[in-house]
Amino acid sequence: MNNYDKKSASQSTLNLKDEKNVHWDQDISYGQYLELEPLLSCQRPRSDVHDEMLFVIIHQVSELWLKQCLHEAHAAANHVMADELQPALKMLTRVARIQEQMIQAWEVLVTMTPADYISFRDSLGQSSGFQSYQYRELEFLLGNKHPGLIEAHRSHPKNYQHLINVLNAPSLYDSCLKLLSQRGFSLPEDVTDRDFSEPYVASSEVEAVWADIYRDTTKYWDLYELAEKLIDTEYNFQKWRFSHMKTVERIIGFKAGTGGTAGVSYLKKALDLKFFPELWSVRTLM
């Protein structure tokens, strides 16, 4: 054993001694802080099929990430409204990183074959990802406002009312457009003062404002950065949608989804939706 090995072994022994001297009778443990006991008791497959556990965990983890996305995106919108872009940019960067994790989750789920899924599909009953109220809230917050989409949640009054509130509030993009107006850019009144429960309609005047910002990034650097963070968010959202659609197609083909949803055909239509239309069209304009 050389001197380096002896030193490493000695250090390891010291570390072990330190571990033995740690006082473990503390006010709160790792498991208590993270509420691991209730969290890890939430995985209750309804069949004895091995792969159902994976299906449950993938979707539960996605809901946890959606919760964090909402936490960040709501706070970012509030900072934008207050013209505090530095924290908003950091929060939107975090949203994009979370979305990357959610996209990678599909790579795990596709290890499930069609036969694997069929073996426990009946256990799902009428449950469907279409019923995810957090996903719907995130879509509303980003700007995909369609009042009819909340009807799937009417039987859950608390979630239903919360979605109504988000539906009627300004979206993240609405907050950005209000900021542009506050900064002195000329925007139509029907853009900044509108019925926020209705889908946003693209405006050539808004496109022209974004074009000015993109043409002079030195002058409008923080607004340019905001625009690019929004693009990152939508870009990753579309990648998530595409990965979702292809995963469903790979596992069930073009069968109808659970809960009576249209399955792949519905998911394909969602790929045409845009949250921030002028930020995409401005690239053609320039």
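These questions and answers go through a predicted model, from its nonpolar cores to one arginine and a surface patch.

Biologist: Which residues have the most contacts inside the largest nonpolar core?

Modeller: The largest nonpolar core has 64 residues. Helix 4 (52-81), helix 5 (85-109) and helix 7 (133-142) are among the elements that give two or more residues to this core. Those with the most contacts inside the core are Tyr173, Leu177, Leu180, Trp210, Ile213 and Leu279.

Biologist: Is Arg241 buried or exposed?

Modeller: Arg241 lies in helix 12 (residues 221-252). Beyond four places in sequence, Arg241 touches Tyr135, Glu139, Asn144, Ala270, Leu271, Leu273 and Phe275. Its relative accessibility is 3%. Buried means under 20%, so Arg241 counts as buried.

Biologist: Which backbone oxygen does the side chain of Arg241 reach?

Modeller: Ala270 is one of the residues that Arg241 touches. The side chain of Arg241 comes to 3.2 Å from a backbone oxygen, that of Ala270.

Biologist: Why does Ile28 count as partly exposed?

Modeller: Ile28 sits in the loop between helix 1 (3-21) and helix 2 (30-33). With Tyr30, Tyr33 and Leu34, Ile28 makes a nonpolar surface patch of about 490 Å². Ile28 counts as partly exposed because its relative accessibility is 44%.

Definitions and conventions
Residues are numbered from 1 along each chain as its sequence is written. This is a predicted model: local features need pLDDT of at least 70, side-chain atom pairs count only at pLDDT 80 or more; totals for chains, interfaces and linings use all residues. Side-chain values use heavy atoms; hydrogens and water are left out. Helices (H or I, at least four residues) and strands (E, at least two) are DSSP runs, numbered from the N terminus. Buried means under 20% relative accessible area, exposed over 50%, partly exposed in between (1.4 Å probe, protein chains only). A polar contact is a pair of N or O atoms within 3.5 Å; within protein, one must be able to donate a hydrogen and the other to accept it, and residues adjacent in sequence count only if both atoms are side-chain atoms. Contact means heavy atoms within 4.5 Å. A nonpolar core is a set of buried Ala, Val, Leu, Ile, Met, Phe, Trp, Tyr and Cys residues joined through side-chain atoms within 4.5 Å. Patches are made of residues with over 30% relative accessible area and no salt bridge: like charges are joined within 9 Å, nonpolar side chains (Val, Leu, Ile, Met, Phe, Trp, Tyr) within 5 Å. Accessible areas come from the Shrake-Rupley method with a 1.4 Å probe; for residues, only the protein chains shown count as cover. A salt bridge is a side-chain nitrogen of Lys or Arg within 4 Å of a carboxyl oxygen of Asp or Glu.
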